[in-house]
Amino acid sequence: MLHADHVYRFDHRPLIAAHRASGAALTVPYQRIERRWVHLFGMVRFDGAGRLTEFAEKPAEPTSDLVFAAFCVFDAAVLRRCLEKLDGTNWQHDISRDVIPAMLAAGEHIRGHEVAGHWEDIGTVERYHRARLRPAAEGPRAGLPVERTPWTVRPGVARAWVSHAPG
């Protein structure tokens, strides 16, 4: 599952492979940020074996500098079971506020997976604006090899730079 208000550069294949190999009900990608900003995100904490031990959405008093990167991999059967248990309650239909805490409370096997590299939340107008201006501030990227361009949505479609020719 991918949240729509985040921008990141991440190859999902190792995440999916690690999730399958672990037999986890859920794998939660995370990133370390400055603790002063954690209150804006879902805070996570893991034990020494990499299992999720704490999850708090936008905590007033963060106890960790790790945040949920807002995408994850579920075991579909476990997710379905969790959603059935939540059905009929006053849940908010939210992964971070309802589903992950319910799975954690139920003792499900939830693993962490570190997100290295660029990741940012663009869930506010200000953060979206900053994210849109950042590429211009970094200067032109002409000459960037095609293999470093973003992946397309359809795996069978080749990656390439698209240019607009006046016509």
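Visitor: In which loop is His-93 found?

Guide: Please keep in mind throughout that this is a predicted model. His-93 is found in the loop between α2 and α3. Its phi is near 60 degrees, a positive value in a residue other than glycine.

Visitor: Is His-93 buried or exposed?

Guide: The cut-off for exposed is a relative accessible area over 50%. His-93 has 61%, so it counts as exposed.

Visitor: Where does Ala-70 lie, the other residue I have noted?

Guide: Ala-70 lies in the loop between β5 and β6. Its phi is positive too, near 65 degrees, and Ala-70 is a residue other than glycine. Buried means under 20%; because its relative accessible area is 5%, Ala-70 is buried.

Visitor: How should I read a helix, and which residues of α3 are buried?

Guide: The general idea is that an α-helix has 3.6 residues a turn, so residues three or four places apart point the same way. In α3, residues 95-105, the buried residues are Ile-95, Ser-96, Asp-98, Val-99, Ile-100 and Met-103. Their cover includes strands β2, β4, β5, β6 and β7, together with helix α2.

Visitor: What is found at the start of α3, and what just after it?

Guide: At the start, a side-chain oxygen of Asp-94 comes within 2.8 Å of the backbone nitrogen of Ser-96. Just after the helix, Gly-107 has a positive phi of about 80 degrees.

Visitor: Let us turn to strands. Why is β3 described as largely enclosed?

Guide: Strand β3 covers residues 42-46, and four of its five residues are buried, so the rest of the structure largely encloses it.

Visitor: Which way do β3 and β4 run, and how does β3 pair with β5?

Guide: β3 and β4 run antiparallel and are joined by five bridges. Within this pair, Arg-45 stands opposite Glu-54 in β4. The β3–β4 hairpin has five residues between its strands, and Gly-50 takes a positive phi near 85 degrees there. β3 and β5 also run antiparallel, with two bridges between them; here Val-44 stands opposite Leu-66 in β5.

Visitor: What does the side chain of Ser-64 reach?

Guide: Ser-64 is in the loop between β4 and β5, and at 5% relative accessibility it counts as buried. Its side chain reaches the backbone nitrogen of Leu-66 at 3.0 Å. A polar atom of that side chain also lies 2.8 Å from the backbone oxygen of Val-44. Leaving aside residues up to four places away in sequence, Ser-64 touches Arg-35, Val-38, Met-43, Val-44 and Arg-45.

Visitor: Which residues does His-113 touch?

Guide: His-113 lies in strand β7, residues 110-114, and counts as buried at 17% relative accessibility. Beyond residues up to four places away in sequence, its contacts include Phe-10, Pro-14, Leu-15, Ala-18, Thr-27, Val-28, Pro-29 and Tyr-30.

Visitor: How many disulfides does a search of the whole structure find?

Guide: The search finds zero. Cys-72 is buried at 4% relative accessibility, and Cys-82 is buried with a relative accessible area of 9%.

Visitor: Finally, what is the mean pLDDT of the protein chain?

Guide: The mean is 80, and 71% of the residues reach 70 or more. Over residues 140-144 the pLDDT is below 50, and this stretch has two contacts in the model beyond near neighbours in sequence.

Notes: Residues are numbered from 1 along each chain as its sequence is written. Side-chain values use heavy atoms; hydrogens and water are left out. Buried means under 20% relative accessible area, exposed over 50%, partly exposed in between (1.4 Å probe, protein chains only). Contact means heavy atoms within 4.5 Å. A polar contact is a pair of N or O atoms within 3.5 Å; within protein, one must be able to donate a hydrogen and the other to accept it, and residues adjacent in sequence count only if both atoms are side-chain atoms. A disulfide is a pair of cysteine sulfur atoms within 2.5 Å. pLDDT is the predictor's confidence in each residue, from 0 to 100. Two strands pair if DSSP finds at least two bridges between them.
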